[in-house]
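Please consult the sequence and the structure shown here.

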Amino acid sequence: MIFQRLVTVVGREEVAEGIFALSLESAEVANSARPGQFINVRFSETALPLLRRPFSISRVDGSSIELLFNVIGQGTRLLASKRIGDRVDVLGPLGIPFGHQGGFDTAVIVAGGLGIAPFPFHYESSFLQWFLIELYDLIIEHGHSRDSI
Ligand SMILES: Cc1cc2nc3c(=O)[nH]c(=O)nc-3n(C[C@H](O)[C@H](O)[C@H](O)COP(=O)(O)OP(=O)(O)OC[C@H]3O[C@@H](n4cnc5c(N)ncnc54)[C@H](O)[C@@H]3O)c2cc1C
């Protein structure tokens with residue numbers, strides 16, 4: 001089911017220079033979302049930016065969803081300026097969820113830059129053993145260090 005809701009910012013952190021993690025309280029979207037899906041966000045009550053901007057659902061934590069994004073233009077600049085308690089207009093969840101078939105128990109995900117955004121939700125909601133490799137900085141998550149690979 002797809003919802004359009006005004007939701008509240010409940011968490012905001014600049015996790016690296018120009019890269020933000022923003023948590024939005026929305027039990028409906030959080031409950032409906034599947035890994036690989038995204039939301040379309042409208043951040044302003046004015047006409048500009050005119051169009052919603054898409055962001056992957058990076059994590060689901062209880063009744064909140066987390067976005068991970070970098071600032072590249074007008075919309076993401078506005079989104080990064082949001083503070084806890086501010087509201088944004090969310091449409092989603094949208095898109096076809098990730099699927100995986102087959103009898104494997106380990107998966108290796110390779111992504112570049114903000115391409116990693118949807119994967120925490122994917123591996124946190126799976127019983128598989130995941131290795132997430134972020135190409136630019138070789139970040140290995142899920143407890144695996146550079147030395148352990
Ligand atoms: C399904 C989906 C999921 C996504 N998930 C994420 C995510 O999880 N995290 C994330 O960081 N990003 C994600 N993105 C990308 C994100 O939507 C864009 O970064 C965001 O829309 C940029 O909005 P903006 O208003 O800041 O930039 P805009 O102002 O829209 O600019 C975007 C880019 O286009 C260039 N540009 C703008 N206007 C013009 C023009 N007239 N001619 C040429 N170039 C121009 C800008 O210089 C800039 O490089 C996703 C995109 C999709 C489609």
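The text below covers the fold, the strand pairing and the ligand shell.

The model is predicted; local features need pLDDT of at least 70, side-chain atom pairs count only at pLDDT 80 or more, and totals for chains, interfaces and linings use all residues. Residues are numbered from 1 along each chain as its sequence is written.

**Fold.** The protein chain has three helices and ten strands, in the order β-β-α-β-β-β-β-α-β-β-α-β-β along the sequence. Helices (H or I, at least four residues) and strands (E, at least two) are DSSP runs, numbered from the N terminus. Of the 149 residues in the protein chain, 26% are buried (20 or more other C-beta atoms within 10 Å of the residue's own, with C-beta atoms placed from the backbone).

**Strand pairing.** Strand S7 pairs with S1 and with S3; two strands pair if DSSP finds at least two bridges between them.

| Strand | Partner | Bridges | Direction | Residues standing opposite |
|---|---|---|---|---|
| S1 (3–16) | S7 (87–94) | six bridges | antiparallel | Arg5 and Val90 |
| S3 (38–42) | S7 | four bridges | antiparallel | Arg42 and Asp89 |

**Ligand shell.** The ligand is surrounded by 16 residues, the closest being Phe69, Gly73, Gly75, Thr76 and Ala117. By class, the shell holds nine nonpolar, six polar and one charged residues. Here Ala, Val, Leu, Ile, Met, Phe, Trp, Tyr, Cys and Pro count as nonpolar, Asp, Glu, Lys and Arg as charged, and the others, Gly among them, as polar.

How values were computed: A residue is buried if 20 or more other C-beta atoms lie within 10 Å of its own, exposed if 12 or fewer, and partly exposed in between; C-beta atoms are placed from the backbone. A residue is near a molecule or strand if its C-beta atom, placed from the backbone, lies within 6 Å of it.
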